[in-house]
Structure formats: C-alpha cells, structure tokens
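Have the model open and follow along.

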Amino acid sequence: MNILILAPNLKRGGAERVLSELSLEWSKKDNITFALFDNKDIAYSYGGKIINIGYPSNTIFFFKIYNFIMRLISFYKISKIIKPDLIISFTESANFVGIFSSLFSGTLNKTIISVRVAPERFKIITKLLILLFYRLPYKIVAPSEGIKKTLQKYGLPKKKLEFIPNPVSIVKTNKKFDKGD
C-alpha cells in the first residue's frame, strides 16, 4: 500500500513523535512518503522517504495565504505522481491542505485527517473552517475522547470520527531488576 503523509515538519513535538512511531511501524509493510512543509531540523527517526513541499510556517497574513495556495498546488502535484492508496494529514495546517487537494483530485474517500489539538483552542475562523470542511474526508482521527466529543458538538458525522490514542513506545531491556536485595 502507498501511504502519503502530509505534515508541517518532523521537528520536536507530540504530533511529530506520533508520526515517527507510526511511520516506522507502517514502513515494515507499506511504502511511506512524507510530504513536509519544512524538512529542516528533523528530530525523529522515520520510515519511508521525505518530499519537501517547502513554504514553512509564517506569521504574516499575506504569506500565510500564499503558503497555503502554494502548499495546495505542490501537494496536489505530489499526490497525482505518487497515486497513494491512503492520504493521512496531521495538524490543522496540513489537514486543510489535504482536504482541498483531495477535493480537487477526487481522493476524499482515501483521506484521513488527524486533529491533534482541542478545537476550543482555535481562532473563530479555524472553527468555522472545521465546521465547513472537516465533514469531507473519509475519516477524522482524534487522539482523545475529549477531542472526539468536541468534534461531535461541531456537528461532524459520528460515523467519520475515530478515537485512536497515541502509540506508546516500549523500550526492551535485558537488565535484571533488583527485588530488594
């Protein structure tokens, strides 16, 4: 299976750690390709390959709009070339690019978005965009029951919402533990 993962970056952070863990596991059986907005300062190991979309985050409104459009065009082209069986996006900046790209390419039925932050924390415009566009992809993954319930309150279809907790990495050790000797 070809899995295309869209994310802002793989720098230090919770979502990035989750992507690292998942890609390392998935790459044992599947072809994984990351499409990142910024491929600098990668902090985690990963499975698969990376394509740098470019257009890293920016705080100036004009550049935010410009970056969104350029990311959308770039990701659309990448997805047309790779022809993924599954598209997974992480975090809101990637989710909106993934949704619009999939809308234009007719691949919404292959698109899964992952909400990594409680929606209450977003600005009003982001909340409105969530209401309008998060109902389009095939599935919406929430890492907590609280986020899932909030998304339900936003009127998103219950059948599209999935609670999948973050993976836990268990380190194997050969040390013998002292039993109080």
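Which residues lie nearest the centre of the largest pocket?

## The largest pocket

Lys64, Arg71, Glu92, Ser93 and Thr126 lie nearest the centre, among 26 lining residues. A pocket here is an open set of points on a 1 Å grid over the protein atoms alone where a 1.4 Å probe fits, with protein on both sides within 12 Å along at least five of seven lines; lining residues have an atom within 4 Å of a point. Its volume, the space filled by probe spheres set on the points, is about 1,000 Å³.

H2 gives the largest share of this lining, 6 residues. By class, the lining has 12 nonpolar, 8 polar and 6 charged residues.

## About the model

This is a predicted model, in which local features need pLDDT of at least 70 and side-chain atom pairs pLDDT 80 or more, while totals for chains, interfaces and linings use all residues. Residues are numbered from 1 along each chain as its sequence is written, and side-chain values use heavy atoms, leaving out hydrogens and water.

## H2 against H3

Helices H2 (residues 61-82) and H3 (residues 92-105) pack at about 55°, with axes 9 Å apart. Contact (heavy atoms within 4.5 Å) involves residues including Phe68, Arg71 and Phe75 of H2 and Ser93, Phe96 and Phe100 of H3.

## The second largest pocket

About 280 Å³ of space lies here. Leu22, Trp26, Ile88, Val141 and Ile164 lie nearest the centre of this pocket, which 19 residues line.

Notes
Axes fitted to C-alpha atoms, helices over the stretch in contact; angles between N-to-C directions. Helix = DSSP H or I, 4+ residues; strand = E, 2+ residues; numbered from the N terminus. Nonpolar A, V, L, I, M, F, W, Y, C, P; charged D, E, K, R; others polar.
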